[in-house]
Amino acid sequence: MQNILNKKWWHNKVAYEIYPKSFMDANGDGVGDLQGIISKLDYLKELGIDILWICPIYESPFVDQGYDIADYYKIADCFGSMDDFEQLIEETKKRDMYVIMDLVVNHCSDKHTWFTKALENPEGEYGKRFYFERGKDGKEPSNYRSYFGGSMWEPVPGYNDLYYYHAFAKEQPDLNWNNDEVVQAVYDMVNWWLAKGVAGFRIDAIINIKKDTSFPSYEPDGPDGLCETEKTVSGALSCKEGPSIGQMLSSLKEHTFARHDAFTVGEVFNLENGTLQEFIGRDGHFSTIFDFSLHLLTNCEHGWFAAHKITFRELRKTIFDSQLATQKIGFMANIIENHDEPRGLNIFLPEWIDREAGAKLLGTIMVMQHGIPFLYQGQEIGMTNMDFTTLNQYNDISTIDQYHQAIDRGFTDQEALSLCNTYSRDNARTVMQWDDTENAGFSTGTPWFHVNPNYKEINVKSQLEDACSILSYYRALIALRKNSIYENVFVYGMFEPAYEEYDNVLAFYRKSEQGGYALVVSNWGKSDVTITLTDEDKSLWLMLDSMSNDYRLSVALKNAIGQKEKKDQIILKPGQVCVYG
């Protein structure tokens, strides 16, 4: 099997995404910081985490929460200093952990020195590092809708009929990757961070760096006369003008990542059929890319108002299709939630499965699949969406745009807010719930963003003291996946669907070339389900049960195997998931 022959240091790792503003505040100013992260490294290590992905901590005006970078070489004051960052690298290395940063190079902030100089003279040297275009027929150069709503083209102050291009907010001008000075500056910056000890990068919106610079308009798909961003991306990828996206990414890897054996995870949408090998194969552009297949089920072309509740059959088919299509090519990065998505418990679970059972269920499916598990802060304790009551409680510019889209389509204020409550990424940005003290133990000051009122019931401290908690279960689950005895099964083993004839049952095997295998089986239905095992599966022993009274035996794998009788049948309660091996 290709993956075993080409083992990499990151294959058997588990990653954890930190949204720094909301993770832990060490100095009491209400904003999470680097010292806060350092203070929780032992907690993360005991959870079983190896790789920390830290969302942007660069100097920024924070129009888009740090994804608008003003200085790629400076730590934002609210997070600390470069000394703090270097201490973080040192402390993670002591614990055999790794740090990866966000690489945001499709665009920068309008406060970046390059862009401020470009505005002074759009036709000069710095103007060529962005996209400045004249309007057409008295309108913008083309009819592209930005990811955050409105035109992708912003008028240039003081210049008649001149615009600059921004795929995201107007404060985030796109960098011109056809400009050699831009490309070299990116290479230099990436290598600078890697030399400082960063182990790699999560690479933001990287497909967007390819543009069709003829900027053709497309058929409008909304009353605003604009077209969806996906059309412009697809059009750019198929454009033969300039280097292909593959050439651009190969060059980036050759001049940076490959020189440091860096771990890279791409935020990649819009892949054309048959190109996955190019991205994550043996010599792919990235170590892995996120598996967004489940999240795309809620991604409606016209906005949240057109989204629908995901059915079990859709969910099971999507997981199976993705795993079968990708496992022979490379490792995907498996996620339930992240900083750009609402909490998975509110999106993927049927209403009859309670929160604790559902958290363990989703966690098991994610961690036991083929690929690299990426947890998001708070996922390990079952954090949920927050009940926002007014629009002004939201901070996210994308959410505000989606609210107004719903209103424009005839939805009431209450209906529009309900959509935001379900789908807003601000749900993932409420502060981490550490304990039941004021501000959930996140800060002694006033938090920059909301504290979910359920923090008194859902917090780390209470779950650390409970052997049956979601947190204790995640520890056992990760320990089982990482146990060296089962590496060839849970890390390198192939994925194979199982027991598909049962309604509301999601089950699969992980099978190694050496002959070992495990069975993961779960019940998504409203009532108990009895599964008659195959003759081969009757020989399997229970390794982990989400409804056990104690998971500590499974952590050490002492007496967990062989302790319980073999059975011809297994009975699963609603929301129950078991691992047999």
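These legends describe close-up views of a predicted model. Because the model is predicted, local features need pLDDT of at least 70 and side-chain atom pairs count only at pLDDT 80 or more, while totals for chains, interfaces and linings use all residues. Residues are numbered from 1 along each chain as its sequence is written, and side-chain values use heavy atoms, with hydrogens and water left out.

**Figure 1. The whole protein chain.**
The chain holds 19 helices and 20 strands. Helices (H or I, at least four residues) and strands (E, at least two) are DSSP runs, numbered from the N terminus. The C-alpha trace spans about 80 × 50 × 50 Å along its principal axes. Of the 581 residues, 61% count as buried. Buried means under 20% relative accessible area, exposed over 50%, and partly exposed in between (1.4 Å probe, protein chains only).

**Figure 2. Surface and charge.**
The protein chain exposes about 22,700 Å², and carbon and sulfur atoms supply 47% of that area. Accessible areas come from the Shrake-Rupley method with a 1.4 Å probe; for residues, only the protein chains shown count as cover. There are 54 positive and 85 negative side chains. The centres of the two sets lie 5 Å apart. Lys and Arg count as positive and Asp and Glu as negative; His and the chain ends are not counted. Each charge is placed at NZ of Lys, CZ of Arg, CG of Asp or CD of Glu.

**Figure 3. Y16 in the largest nonpolar core.**
A nonpolar core is a set of buried Ala, Val, Leu, Ile, Met, Phe, Trp, Tyr and Cys residues joined through side-chain atoms within 4.5 Å. The largest one has 160 residues. Y16, F85, W193, F201 and F374 touch the most other members. Beyond its neighbours within four places in sequence, Y16 is in contact (heavy atoms within 4.5 Å) with residues including F23, L44, W53, L375, E380 and M432. Another core, of 18 residues, lies apart from this one; L519, V521, L533 and Y580 are among its members.

**Figure 4. Helix α15 and its packing.**
Helix α15 covers residues 413-423. Its buried residues are A416, L417, L419, C420, N421 and Y423. They pack against α12 (344-347) and α14 (397-408).

**Figure 5. I470 in helix α17.**
I470 is found in α17 (residues 470-482). The residue is buried, with a relative accessible area of 1%. I470 and K360 are 110 residues apart along the chain, yet their C-alpha atoms are separated by 6.2 Å. Leaving out residues up to four places away in sequence, I470 touches R355, E356, A359, K360, Q379, E380, I381, G382 and Q463.

S512 sits in the loop between β15 (505-511) and β16 (517-523). At a relative accessible area of 13%, S512 is buried. Not counting residues up to four places away in sequence, S512 touches N488, V489 and G493. F215 lies in the loop between β9 (200-203) and α8 (229-238). F215 is buried at 2% relative accessible area, and its phi is near 45 degrees, a positive value in a residue other than glycine. N439 is placed in the loop between α15 and α16 (460-464). N439 counts as buried at 14% relative accessibility, and its phi is positive, near 65 degrees.
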